[in-house]
Amino acid sequence: MNDHSNSVSSSPGASGLYSAPTDVRMAHIAAGLKKRRAASKRLRFYGIMAIVTAIGFLCILLTTIISNGYTALQQTEVAVVIEVPAGEILDDAGAIDAEKSRNFNWAGLVKRSFRKEFPEVTGMLEQRSLGELLSANAGYDLRLQIEDAGVVPTGPVTYWVKASDDVDMLMKGRMDRTIDEKMRRIKDDQLVWFDKTVAKDNIRLVFNSTFFTMADSREPESAGVLGAIVGSALALIVTVVLALPLAVMAAVYLEYFAPPGRLTDFIEVNVNNLAAVPSIVFGLLGLAVFLGFFGMPRSAPLVGGMVLALMTLPTIIIATRASIRAVPSSIRDAALGLGASPMQTALDHILPLAAPGILTGTIIGIAQALGETAPLIMIGMVAFIVDVPTSFTDPATALPVQIFIWSDSAERAFYERSSLAIMVLLLFLISMNLAAVMLRRKFEKKW
Amino acid sequence: MAFFTSNVALLITTLVFGIVAYMLAVGRIRSRVVAEGVKSHSLVKYYGVYAALWTLVPALILALIWAFAADPLLLNAAEARLATAFPNLPASFLDLKLAQLQNIAAGYIDAPDDIMAAEAAKLRGSMERVALARVLTLMIVMMIGLLFAFFRVAPKFKARVAFEGFLRRSFFAAAVLAILITIGIVASLLFEAYRFFSEISMIDFFFGTHWSPMVSLREGAVAADEAVAGSSGSFGMVPVMLGTLLVAVIAMLVAVPVGLFSAIYTADFAPRHVRNIIKPLLEVLAGIPTVVYGFFAALTAAPFFREAGLLVGLDVSSQSALAAGGVMGIMIIPFISSLSDDVITAVPKSLRDGALGLGSTRAETIMRVVLPAAFPGLVGAFLLAMSRAVGETMIVVMAAGVAANLTINPLESVTTVTVQIVMLLTGDNEFDSVKTLSAFALGITLFVVTLLLNIAALHVSRKLGQRYE
């Protein structure tokens, strides 16, 4: 490194200057000074530009997602005047008969009623494309509304049912109606009917509660993230239950009981290396060992949680070791001096003092696990699942995997919904990280 | 009966057993201390915990083994019976029959014929018997453990030492788990890769320049290709590896300048309060899940590059390596900036002071003294970042291509190792076809490459620490 420090003070011809008078030397230095200070300013400017670039990327990323996703908070509904034929749904006692209700053609009823609004539409094909303005699940919507109410009203009543995803996009201004008809998912005659519906004020945007109360669906307007959130939660419960105790035990061992030697070194190398193994490799491990060898169920949050636990383990071990080391040795010495055994010292004195740090590390590890997608895809949590999972072995998907699935779909409405799902995911991550920061602030001790 | 053998009942029984063991042992030591007039070696609670451990731990281990062993054994027996009942069925249909049988036994579906109904009844019966046997065995094991511990409880007995020995051993086991996971990864990948290499030669795999494992999935050709199982597709990983490197290098080209200059600024120019704002903001970039970057790359960056290319008359693929690599670069910026910041601030202050004292400007100090001193650490950071980029999955799965083009043109579509692994292992493939096995061969290659990069990173950056300590 010596040659570098020499070159700092040596500029071309400098050696000849040593013999020159002081004022000549000073003049030479002053002449170069402006340039050198400019170079300094330039480096500082590059640094600022780099940071502006990085934070600029962050802003672009977030604004893109928010501007794409916020409209998914609303859902378009269409008013349809429907007369429900009570006789076909009620039993003899006048209550709704579940069996009859299930067999009743609700979708047909909704479509027939909707057609009455447009008496001018008569052709078979036209009537069909008119029906396409409503969600394919509009009938199911109506059935739920009526079953929830528990009574079948007599006479025509106005019901709000979901519009199809294309109408939804049109309503939110996300579809360009000026482009060529062949390129458009909504055809010209459908546009006319849509405008007529808007003119009659029979269409509205309401809060999209389906998104937060349902699981996945083929129809964007009926798809929600609840199933994915529950799947993620179940997997993360498994992760915490497995990873936290094991990691704390391993960290206590490495900090307090490990005899210096090859085995301990090897364990440490392994822990550090595991933290840098690509996540998809853990997925392969899960696939080959948990699914292939032990024959555990595919797509289950149990297996997902186990794979994530293996991934999170090194993170929590490293965090726990750091916070154990932060506890001053005076505590340890005092405990040992008063006759506590090494195990009692570790469990009764060091660990409670290190607990906030361990908790912070765990939350950060879990937040990482929550965002992890690739290993879950490997063990099959990428399936299309319409039910909210209720147990650790139910087939399930996870929030980031749901984003992946939706972003792969052709419908424009799924694009919007995956943006909103990303916002939900980021919200979870932000709150977890904030919790970690607050915990650290609250319990951080200066020894 | 059903409740008696259920897991909930078992859990309650276990808890009860544990508490009873604790109380019995505590009672015994108390009475013996009084009776014999001596002090016990350990605190009373340790005797209780000791007995509870002897009651619960062996039973727990047995229950775990049982959970993994019992069902496969039963199903194997059922499959053997099915094979004799339907002698003409091929193996894959037999698996379907077995799955159907399980569903019938569980009561989800009705039996299609008498044979299946009888088999299902048999399976159901044996499952019930095994469940009952499990509960009884576990209870006996708990009982034996309890009795053993109970009779060892005596004032002279060192219960605390025994308990702490157990804890220490389990702590050790937890630490060894890290080694076991590594072994598990290597062994499982190697095992599957070995089966792959027994069908495809290693030379073809590592040096072949044509990669198209999916040809057999073309519609109509499936049956024909399955007939010549194993010969379908070609497995030369050179284009895949080249694509991986291309994307990773693009990512590094974005991340290294931005990350390094940010680190220089935060470490040497920024006032403390500015640093305290900038660093967490960069950390936010690191906290964003990769699937979000992938979403951004596929649906915002890729179309943007394509449009921009059209403006200047370039044909940019809609799955260009540029979009995937560029966005991956953004993801890696915080990784490089925080590692570099650590390395730069670790350069001893005396070096900086010496250079400044000799009249160097800030920039001269940084460029000619600090950075050269930090060089090994910086190289280590870049290698770690490279390893990250090579192993990154979601961005490339969502934004890079599937077809393996042998090219280094960033405007074209390339595929990567991780994309191929995901492609090959999603969907309903049979588990041991050459296609799925090739994913494990790619997996072990990926593991080895990232491992080498990590080791190299550790090796070069250790030099820095040695030099200035």
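This is a predicted model: local features need pLDDT of at least 70, side-chain atom pairs count only at pLDDT 80 or more; totals for chains, interfaces and linings use all residues.

Me: Good. How many helices and strands does chain B have?
Reply: Chain B has 16 helices and two strands.

Me: How much of chain B is buried?
Reply: Of its 469 residues, 42% count as buried.

Me: OK, chain A. What's in there?
Reply: Chain A holds 19 helices and three strands. Its radius of gyration is 33 Å, well over the 22 Å from the globule rule for 447 residues, so chain A is also more spread out than a compact globule. The C-alpha trace of chain A spans about 105 × 70 × 40 Å along its principal axes.

Me: What share of chain A is buried?
Reply: Buried residues make up 41% of the 447.

Me: Where are the domains of chain A?
Reply: The domain assignment gives domain 1 (2-69), domain 2 (73-215) and domain 3 (226-443).

Me: How many residues link domain 1 and domain 3 of chain A by contact?
Reply: Four residues of domain 1 are in contact with six residues of domain 3. On the domain 1 side, two are nonpolar, two are polar and none is charged. The centres of domain 1 and domain 3 of chain A are 43 Å apart, taken over C-alpha atoms.

Me: Switching to the chain-chain contact. How many residues are in it?
Reply: 78 residues of chain B are in contact with 70 residues of chain A. Helix α5 of chain B, residues 159-197, gives the most to the chain B side, with 20 residues.

Me: What is the make-up of the chain B side?
Reply: It divides into 52 nonpolar, 19 polar and seven charged residues.

Me: Back inside chain B. How do α1(B) and α2(B) cross?
Reply: Helix α1 (residues 7-36) and helix α2 (residues 44-85) of chain B have axes that come within 7 Å and cross at roughly 145°. The crossing of α1(B) and α2(B) is right-handed.

Me: Which residues make that contact?
Reply: From α1(B), they include B:Phe17, B:Gly18, B:Ala21 and B:Arg30. From α2(B), they include B:Tyr47, B:Gly48, B:Ala51 and B:Leu56. By class, the contact of α1(B) with α2(B) has 16 nonpolar residues, four polar and one charged.

Me: Last one. Where is B:Phe151?
Reply: B:Phe151 is found in helix α4 of chain B, residues 114-152.

Me: Buried or exposed, B:Phe151?
Reply: Exposed. B:Phe151 has 9 other C-beta atoms within 10 Å, and the cut-off for exposed is 12 or fewer.

Me: How far is B:Phe151 from B:Met386?
Reply: They are 235 residues apart in sequence and 61 Å apart in space, C-alpha to C-alpha.

How values were computed: Residues are numbered from 1 along each chain as its sequence is written. Chains are lettered from A and ligands numbered from 1 in the order in which they are written. Helices (H or I, at least four residues) and strands (E, at least two) are DSSP runs, numbered from the N terminus. A residue is buried if 20 or more other C-beta atoms lie within 10 Å of its own, exposed if 12 or fewer, and partly exposed in between; C-beta atoms are placed from the backbone. The radius of gyration is taken over C-alpha atoms; the globule rule is 2.2 Å times the number of residues to the power 0.38. Axes are lines fitted to C-alpha atoms, for helices over the stretch in contact, and angles run from 0 to 180 degrees between N-to-C directions. A crossing is left-handed if the near helix is turned anticlockwise from the far one by less than a right angle, and right-handed if clockwise. Two residues are in contact if their C-beta atoms, placed from the backbone, lie within 7 Å. Ala, Val, Leu, Ile, Met, Phe, Trp, Tyr, Cys and Pro count as nonpolar, Asp, Glu, Lys and Arg as charged, and the others, Gly among them, as polar. Domain bounds come from an automatic or database domain assignment.
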